[in-house]
Amino acid sequence: MSRAAKKSAASGARSGAALSRRRFMGLLAASSAALATGEWSMPAADAATATARPTASKRLSKAARADLEQQKQYARQALKTIREFPLPSGSEPAFVFMPLKPARTRRG
């Protein structure tokens with residue numbers, strides 16, 4: 001591996017380093033395309049933990065499962081209420097996004 005390739009590989013693997021917007025969008029597009037085409041492969045360590053079944057201590061208790069189901073029911077009920085709310089046709093939007101002009105800087 002050449003010195004330039006090692007440097008670029010190391011810079012891409014830095015954790016906590018700020019990504020440029022261009023680099024982030026490129027990574028996002030590449031990962032989305034890989035996911036959509038089914039060519040996504042997890043590293044071996046992640047694949048082993050992803051397929052492992054949870055141990056008995058990590059499984060939910062009956063009370064926790066019941067609480068989770070109750071929360072799901074509340075969420076379904078809230079979504080149903082929001083979706084069924086009647087809106088008059090042609091009504092004004094709740095807000096309109098108006099970007100601010102950049103502040104002028106004085107030179108000289």
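This passage describes the fold, confidence, surface and side-chain contacts of a predicted protein model.

The model is a prediction in which local features need pLDDT of at least 70, side-chain atom pairs count only at pLDDT 80 or more, and totals for chains, interfaces and linings use all residues. Residues are numbered from 1 along each chain as its sequence is written, and side-chain values use heavy atoms, with hydrogens and water left out.

The protein contains four helices and zero strands, arranged along the sequence as α-α-α-α. Helices (H or I, at least four residues) and strands (E, at least two) are DSSP runs, numbered from the N terminus. The mean pLDDT (the predictor's confidence in each residue, from 0 to 100) is 76 for the protein, and 66% of the residues score at least 70. Where pLDDT is low, the predicted coordinates should not be read in detail.

Of the 108 residues, 1% count as buried; buried means under 20% relative accessible area, exposed over 50%, and partly exposed in between (1.4 Å probe, protein chains only). The protein exposes about 11100 Å², of which carbon and sulfur atoms supply 59%. Accessible areas come from the Shrake-Rupley method with a 1.4 Å probe, and for residues only the protein chains shown count as cover.

Helix α2 spans residues 21-37 and includes leucine 27. The 17 residues of α2 reach 24 Å from the first C-alpha to the last, close to the 24 Å expected at 1.5 Å a residue; the expected span is 1.5 Å times one less than the number of residues. Glycine 38 follows α2 and has a positive phi, near 80°. Serine 31 also lies in α2 and is partly exposed at 24% relative accessible area. The side chain of serine 31 reaches the backbone oxygen of leucine 28 at 3.0 Å.

Leu19, Phe24, Met25, Leu27 and Leu28 make a nonpolar surface patch of about 450 Å². Patches are made of residues with over 30% relative accessible area and no salt bridge, with like charges joined within 9 Å and nonpolar side chains (Val, Leu, Ile, Met, Phe, Trp, Tyr) within 5 Å. Leucine 27 is partly exposed, with 40% relative accessibility.

One salt bridge is found in the whole structure, a salt bridge being a side-chain nitrogen of Lys or Arg within 4 Å of a carboxyl oxygen of Asp or Glu. It joins the side chains of glutamate 69 and lysine 72, at 3.8 Å from N to O. Both residues lie in helix α4 (residues 62-84), three residues apart, about one turn of the helix. Glutamate 69 is partly exposed at 43% relative accessible area, and lysine 72 is partly exposed at 39%.

Note on methods. Polar contact = N/O pair within 3.5 Å; in protein donor to acceptor, adjacent residues only side chain to side chain.
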